Amino acid sequence: MPDSLAGLPDNASIVVVGNPNTGKSTLFNNLTGLRQKTANYPGVTVERRTGVFRLPKGEVTLIDLPGAYSLAAHSPDELIATDVLLGKIDDLPLPHAVLIVIDAANLRRNLFMTTQILEIGLPVVIALNMIDLAEKRGIHIDAKELAARLKATVVPVVAGSNEGSAALSEALQKAINETPAERPPLLPKLRAAAQELADDLGKLGAKPALLDAERAIVDAGGTAEERLTELAGDRTETLLGDIRERLNPEGSVAALEARTRYAWIEAVVRDVETRTDRKRTAVDFIDKATSHPLIGAILFFVIMATVFQAVFSWAGPIMDMIDDTAAALGDLVNANLPEGAIASLIVDGVIAGVGSVIIFLPQILILFAFIIFLEDSGYMARAAFLMDRLMRACGLSGQSFIPMLSSFACAVPGIMATRVIPNPRDRLCTMLAAPFMTCSARLPVYALLIAAFVPDARYGFLNLQGLVLFGLYMLGIFGGIFTALIMKRFAFGGPTPTFLIEIPPYRLPNLKSMGIRLLDRGRIFLYRAGTIIFTVAVVVWALVYFPRPAELLDGFDAQRTQAVAQFAGTELQERIAKIDNQEAAALLENSYLGRAGQTVQPVFAPLGWDWKVTAGVIASFPAREVVVAVLGTIYAVGNDVDETDTRLLNRLQNATHPDGTPVFTTGMAIGIMIFFAFCLQCMATVAIMRRETNTWKWPISAWFYMTGLGYLGALLAYQLI
């Protein structure tokens, strides 16, 4: 007999699998703590989470697989799960054991995939999770009898409180060092047919795994069948058709598998599970209220309004602190370094670049803290169900609502939140629609142009400026809905898939697990988006700073010398500040960015833009919120202005073309606002979209599409108003 507590083999790994809402992620987080990392599997956008877990005799790598209900691979997540279990991922060997997490209150449903995994032949440990909630609901499970029927170790656990973790560690240690029990397949005829198919395909040059052949037979039109057809050609369809006809002439093999497995599962559940009556609790009343069509909808909007307000309000002071810290660091550098390119690079490139990344972090963390809490508590599934009908009218499903809502704060966390959408088409459509929502970065631009060019008129209790701002918000919503409808109708043919979602029981989230997931989300944002934003910020600095003609600088130095000779005190300070602003404007006009604005200006001439507006908009493409500061520099006011600065408002209102006609007409100003409402001026959004789709195709397409809509809207506004 081998020593069940012997040392671990080199590079030992255990995969963690389970249905959605079984507490799998909470258990994984509790076992690994902060010793985990997140990446994508090679070539796909499926997230890969791995962590180090200490067993009694050493450390092992845990691999958290995406939640699934069976091994039928109809999505990238499910395909990855099968490939990992078979050891088909390049940098992941065949796992040494499998940890299956089961919801004790839903034994019948959870055992379906469990029986499929047991037949693979790997050592298996089953974590019977949420045993406390099951008992509160009057469900009692004989874990020893269940282990005997499954021929696998069953450990009752409560992931939220770490109950049972010691017994689970010992069971996993034993499983790695013991030979798995013999488990005959529940469908021996299917197993024999799969072996036959594998042998036949082997003669055609393909060598499929037995599980792949079995899943190809069962899941008609599934991913396994597609992969075998790619390997062995059209002959595969003929072989599969013959085998399916032989196995179940009067129906599908999938139906045969379901009947057989569930018949066996029913027999097991009758022997191991007993149910007793239970008293209704306060949680039952909360569940009933939140699921009610009217009351639930009201509560939903109250909760979402709270989240929405928190993302804007709670993050504000922290964002201001980050902004002030970046400004203080810049002042410190300016005070200790001589004026020149090095100081400007550090202040306007490095410090400003890092600050532009970190300043988004409070919104990211607050938003995801709410999302994680609502998910882990069981409420998010109910919210998605309530909003399904509304989102379906837009060509999406209920799970698209939360990412769309969060995009009003920032499209970056909104796009990251689309990971909760299982359907790849809906996920992509939501990603493309999310940037249309009016994020906080658009507000300074709107506030500046509305204050300058929209009269402060009132119609009863309505304010015209407020109506214009509301209209811009609605314009963004319309753009997102229109995009989703167009994408669903033309780019992704077919009806909106049926929205099926499991409603989990309400439970208190585990704070440790929440904290780990929150830190992980923040780290992903900083690593994935931060590097690109920082790089772009440095590039924009270079375009603004260079070149610096010596004759131009000498001319302004001469003006300062003359001012010192003629003025003193406050008047001298004002005159020097004016000269500095004029110098900054002249340098910007001669910079690469200014020259680009003058070069590109003919393209935007039909919109009424001069080179200054064009340069400001070009500079705003990495991050639209910089446009106010850029316009302040261009119009010789200074770059320390905000959207309420009266100096900048006056300069914009009085700006003229060389022929004396005003630059900013009402139509042109409204056109700029429409352009900003539609155009994708956010490198962080482009970067996140690239990371989430794993291709440049969609972010580039979105950039051209949204920019084209913005241009067309600005053109119509300028020509018609």
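1. Which backbone oxygen lies 3.3 Å from a polar atom of the side chain of Arg-183? The backbone oxygen of Leu-150 does. A polar contact here is a pair of N or O atoms within 3.5 Å; within protein, one must be able to donate a hydrogen and the other to accept it, and residues adjacent in sequence count only if both atoms are side-chain atoms.

2. A word on the basis. This is a predicted model, with local features needing pLDDT of at least 70, side-chain atom pairs counting only at pLDDT 80 or more, and totals for chains, interfaces and linings using all residues. Residues are numbered from 1 along each chain as its sequence is written, and side-chain values use heavy atoms, without hydrogens and water.

3. Arg-183 sits in the loop between α6 (165-177) and α7 (188-203). Helices are DSSP runs (H or I, at least four residues), numbered from the N terminus. Arg-183 has a relative accessible area of 16%, so Arg-183 counts as buried (under 20%, 1.4 Å probe, protein chains only).

4. Leaving aside residues up to four places away in sequence, Arg-183 touches Leu-118, Leu-122, Val-124, Leu-150, Lys-151 and Ala-152 (contact: heavy atoms within 4.5 Å). Ala-152 is 31 residues from Arg-183 in sequence, and the C-alpha atoms are 9.7 Å apart.

5. Now the helix pair. α3 (residues 107-118) meets α11 (residues 253-272) through residues including Leu-111 and Phe-112 in α3 and Tyr-262 and Trp-264 in α11. By class, the contact has 10 nonpolar, 2 polar and 4 charged residues. Nonpolar covers Ala, Val, Leu, Ile, Met, Phe, Trp, Tyr, Cys and Pro; charged covers Asp, Glu, Lys and Arg; the others, Gly among them, are polar.

Conventions: Helix = DSSP H or I, 4+ residues; strand = E, 2+ residues; numbered from the N terminus. Buried < 20%, exposed > 50% of the residue type's maximum accessible area, 1.4 Å probe, protein only.
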